[in-house]
Amino acid sequence: MRKMMVLILVILALGIAPVTAGGTAANSSNPLVARLSSLNGQAFDVAFTQALIPIDEEAVEMAMTATLYADHSTLLRWNQDFVERKNKEIRKMLSLLQSMGARPSERRAGVATAHVKKLRTLRGAALEKTYLPLLAAQLDQSASLEHLATGKASRSEVRDFAKQSVRMDGQESTTLRSWLKQWYK
């Protein structure tokens, strides 16, 4: 039952809470952030990590799909670096969960989610016009969770991970949106 609730909350969270220019999340409309806000200690650390893993795994699947069908070589190179970075972060989160005696509640590695399926039907400019804002929103979702964890995580390694990741996800979201404007005014 708990796993089903986490799954439902993750799905609902894909409504995506934007990150403001100042880097803080607009959390009031995000049920996952609201749920995590009510947790403390190791319960928060585990729930945060369990929530972030499937979001990041889906982002990797989307990036790998876009690498096959996108036009801009800049985006193709960026996708390769992004996939490597996110996979490293996912391995780190899996290790953190293990050290807390927990396991992931959901995995999306190799899963063709609705977003991935949609991207697989597109090519070139149509793919990029869909992919860039979609992945930027996914990064905003991650940044919202990571921003929360920078203040709430009880384990220093979870807090440090969140601090580093929130900065990178915010920068990458901004980069994707700038490319969208630059390439498709």
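**Note on helix packing and a ring cluster**

1. Lys-86 is found in helix α4, which covers residues 73–99. Helices here are DSSP runs of H or I with at least four residues, numbered from the N terminus. The model is predicted: local features need pLDDT of at least 70, side-chain atom pairs count only at pLDDT 80 or more, and totals for chains, interfaces and linings use all residues. Residues are numbered from 1 along each chain as its sequence is written, and side-chain values use heavy atoms, with hydrogens and water left out.

2. Is Lys-86 buried or exposed? Lys-86 is buried, with a relative accessible area of 0%. Buried means under 20% relative accessible area, exposed means over 50%, and partly exposed lies in between (1.4 Å probe, protein chains only). Which residues does Lys-86 touch, leaving aside its neighbours within four places in sequence? They are Asp-56, Val-60, Leu-139, Glu-146 and Asp-169. Contact means heavy atoms within 4.5 Å.

3. Now the aromatic rings. A pair of aromatic rings is described by the distance of the centres and the angle of the planes. The structure holds 4 aromatic pairs. In one of them, Trp-78 and Phe-82 have ring centres 4.9 Å apart and planes at 15°, so this pair is stacked. The rules cover Phe, Tyr and Trp (its six-membered ring): centres must lie within 6.5 Å, and planes under 30 degrees apart count as stacked, over 60 as edge-to-face and the rest as tilted.

4. Trp-78 and Phe-82 both belong to helix α4. They are 4 residues apart, so about one helical turn separates them. Trp-78 is buried at a relative accessible area of 13%. Phe-82 is buried too, at 1%.

5. Trp-78 also pairs with Trp-179. Their ring centres are 6.1 Å apart and their planes stand at 90°, so the pair is edge-to-face. Trp-78 lies in α4 and Trp-179 in helix α7 (residues 156–183), so the pair ties together parts that are 101 residues apart in sequence. Trp-179 is buried, with a relative accessible area of 12%. Ring pairs link Trp-78, Phe-82, Trp-179 and Trp-183 into a cluster.

6. How do α4 and α7 pack? Their axes are 12 Å apart, at an angle of about 160°. That makes α4 roughly antiparallel to α7. Axes are lines fitted to C-alpha atoms, for helices over the stretch in contact, and angles run from 0 to 180 degrees between N-to-C directions. Angles under 35 degrees count as roughly parallel, over 145 as roughly antiparallel, 65 to 115 as roughly perpendicular and the rest as oblique.

7. α4 passes α7 in a left-handed crossing. Left-handed means that the near helix is turned anticlockwise from the far one by less than a right angle; clockwise is right-handed. On the α4 side, the contact includes Trp-78, Phe-82 and Lys-86. On the α7 side, Asp-169, Trp-179 and Trp-183 are among the residues. The contact divides into 11 nonpolar, 2 polar and 7 charged residues. Ala, Val, Leu, Ile, Met, Phe, Trp, Tyr, Cys and Pro count as nonpolar, Asp, Glu, Lys and Arg as charged, and the others, Gly among them, as polar.

8. Helices α3 (residues 41–69) and α6 (residues 124–152) also pack: their axes come within 10 Å and cross at roughly 165°. That makes α3 roughly antiparallel to α6. Their contact divides into 17 nonpolar, 4 polar and 4 charged residues. α3 passes α6 in a left-handed crossing.

Methods
Helix = DSSP H or I, 4+ residues; strand = E, 2+ residues; numbered from the N terminus.
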